[in-house]
Amino acid sequence: MSDILVFEKAVKIYSAGTPLEVKALSEVSFSLAESSFTYLLGPSGSGKTTILNLAGLLDSASAGRIIISGNDSSVMTEKEKAHLRNSSVGFVFQQPTFLPEFTAEENVMMPSLIAGADKKSVQEKARRFFDTMGLAERAAHYPSQLSGGELQRFAILRALMNNPALLLCDEPTGQLDDGNAALVMEAMKLFLEQSAAAVLFVTHNRDLAAASGRRVLHLRNGVLQNGDGSY
Ligand SMILES: Nc1ncnc2c1ncn2[C@@H]1O[C@H](COP(=O)(O)OP(=O)(O)O)[C@@H](O)[C@H]1O
Ligand SMILES: [Mg+2]
């Protein structure tokens with residue numbers, strides 16, 4: 001099976017060479033296969049968001065390589081990276097951001113429409129997603145009229161609209177109560193059954209990760225405790 005994401009000895013140093021220098025990641029190596037789900041577990045400040053930002057090409061490594069679907073990001077231009085990010089990567093953040101003056105459906109459709117997709121087919125796809133996730137009756141509502149759990153499920157659908165090869169989730173259930181967190185996880189499972197994506201799911205919740213039976217990468221002080229070792 002092919003790898004969707006490969007980290008090879010990725011290093012991240014913020015504010016390098018200044019008094020504010022922070023070594024956030026030390027030679028982090030791991031790979032994610034197609035159709036895989038991996039938890040990234042670590043305490044606050046251990047570098048989880050830094051890994052997601054590098055994986056999603058929102059930021060560049062200070063050293064090492066990050067390869068997405070065979071493309072080595074260290075030799076790509078910003079424009080090439082933006083294209084790869086828009087075509088291959090979906091993001092779900094802890095705090096979903098929606099444009100308040102648009103309905104949930106419009107928010108979900110927007111990235112695809114901006115990318116130039118046909119409105120009718122985008123809408124059909126969005127509505128199929130809403131049906132699957134039990135959100136059809138909420139789609140015409142505005143963000144201010146929706147609960148945190150509903151918003152997060154819409155945010156997941158928005159991230160999935162362009163069939164990302166890589167789905168990056170930064171504690172999407174972190175602000176939700178147990179019932180809504182379970183609904184969000186159920187939604188993820190539904191999606192995974194129909195997708196070949198590699199999912200990297202950040203959490204600081206040991207119990208959630210341990211109970212899942214899925215692969216867990218443990219991060220501590222920027223060092224991956226059980227990554228793929230050295231390349
Ligand atoms: N833009 C930044 N500039 C300087 N330091 C940062 C920046 N972003 C994160 N850090 C530092 O890098 C370390 C890892 O942060 P982060 O990846 O956000 O951790 P986590 O997501 O696990 O809480 C922390 O010490 C944090 O303070
Ligand atoms: Mg974080």
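# Reading a predicted model

In helix α3, which spans residues 104–114, the buried residues are A104, E105, N107, V108 and M109.

Q: What kind of model is this, and what covers the buried residues of α3?
A: The model is predicted. The cover over the buried residues of α3 includes α4 (119–132) and α5. After α3 comes G116, with a positive phi near 100 degrees.

Q: How do I read a sheet, and what is the strand order in the open sheet of 6 strands?
A: Strands of a sheet pair through backbone hydrogen bonds, and the pairing is either parallel or antiparallel. Here the open sheet of 6 strands runs in the order β6-β7-β8-β3-β9-β10, with mixed pairing. Its edges are β6 (89–92) and β10 (223–224); each has a single partner strand, so one side of each lacks a neighbour in the sheet.

Q: Which helix packs on that sheet?
A: Helix α1 packs on the sheet and touches β3, β7, β8 (198–203) and β9. The direction of α1 makes about 155 degrees with that of β7.

Q: In what sense do β3 and β9 pair, parallel or antiparallel?
A: Strand β3 (residues 36–41) and strand β9 (residues 215–220) are paired in the parallel sense, over 4 bridges. To locate the pairing in the model, take T38: its bridge partner in β9 is R215.

Q: Are the residues on the two faces of β6 buried or exposed?
A: Both faces of β6 are covered. V89 and F91 lie on one side, G90 and V92 on the other, and all four are buried. Strand β6 pairs with β7 in the parallel sense over 4 bridges. Within that pairing, F91 has L168 of β7 as its bridge partner.

Q: What is the order of the open sheet of 4 strands, and which strands are at its edges?
A: The order is β2-β1-β4-β5, and the pairing is antiparallel. The edge strands are β2 (22–33) and β5 (71–72), each of which pairs on one side only. Strands β1 (residues 3–14) and β4 (residues 63–68) run antiparallel and are joined by 5 bridges. One residue to look for is L5, whose bridge partner in β4 is I68.

Q: How do I read a nonpolar core, and which residues touch the most other members in the largest one?
A: In soluble globular proteins, nonpolar side chains tend to be buried together. The largest nonpolar core in this model has 62 residues, and those touching the most other members are L40, A55, I156, L166, L168, A198 and L200. Helix α5 (residues 148–160) supplies the largest share of this core, 7 residues.

Q: Which residues does L200 touch?
A: Leaving out residues up to four places away in sequence, L200 touches L32, T38, L40, L52, A55 and L168.

Q: Which residues surround ligand 1?
A: The surrounding residues are Y14, S15, V22, A24, G42, S44, G45, S46, G47, K48, T49 and T50. By class, this shell has 3 nonpolar, 8 polar and 1 charged residues. Strand β2 and helix α1 (48–55) each supply at least two residues of the shell. Helix α1 gives the most, with 3 residues.

Q: Where is R220, and is R220 buried or exposed?
A: R220 is found in strand β9. Not counting residues up to four places away in sequence, R220 touches G42, S46 and Q225. R220 and G45 are 175 residues apart along the chain, yet their C-alpha atoms are separated by 8.6 Å.

Q: Which residues other than glycine have a positive phi, and where are they?
A: One of them is S69, with phi near 45 degrees. S69 is in the loop between β4 and β5, and is partly exposed, with 17 other C-beta atoms within 10 Å. Another is E171, which is not a glycine but has a positive phi of about 50 degrees. E171 sits in the loop between β7 (166–170) and α6 (178–193). E171 counts as buried, because it has 20 C-beta neighbours inside 10 Å.

Methods:
Residues are numbered from 1 along each chain as its sequence is written. Chains are lettered from A and ligands numbered from 1 in the order in which they are written. This is a predicted model: local features need pLDDT of at least 70, side-chain atom pairs count only at pLDDT 80 or more; totals for chains, interfaces and linings use all residues. Two strands pair if DSSP finds at least two bridges between them. A residue is near a molecule or strand if its C-beta atom, placed from the backbone, lies within 6 Å of it. Ala, Val, Leu, Ile, Met, Phe, Trp, Tyr, Cys and Pro count as nonpolar, Asp, Glu, Lys and Arg as charged, and the others, Gly among them, as polar. A nonpolar core is a set of buried Ala, Val, Leu, Ile, Met, Phe, Trp, Tyr and Cys residues joined through C-beta atoms within 7 Å. A residue is buried if 20 or more other C-beta atoms lie within 10 Å of its own, exposed if 12 or fewer, and partly exposed in between; C-beta atoms are placed from the backbone. Two residues are in contact if their C-beta atoms, placed from the backbone, lie within 7 Å. Axes are lines fitted to C-alpha atoms, for helices over the stretch in contact, and angles run from 0 to 180 degrees between N-to-C directions.
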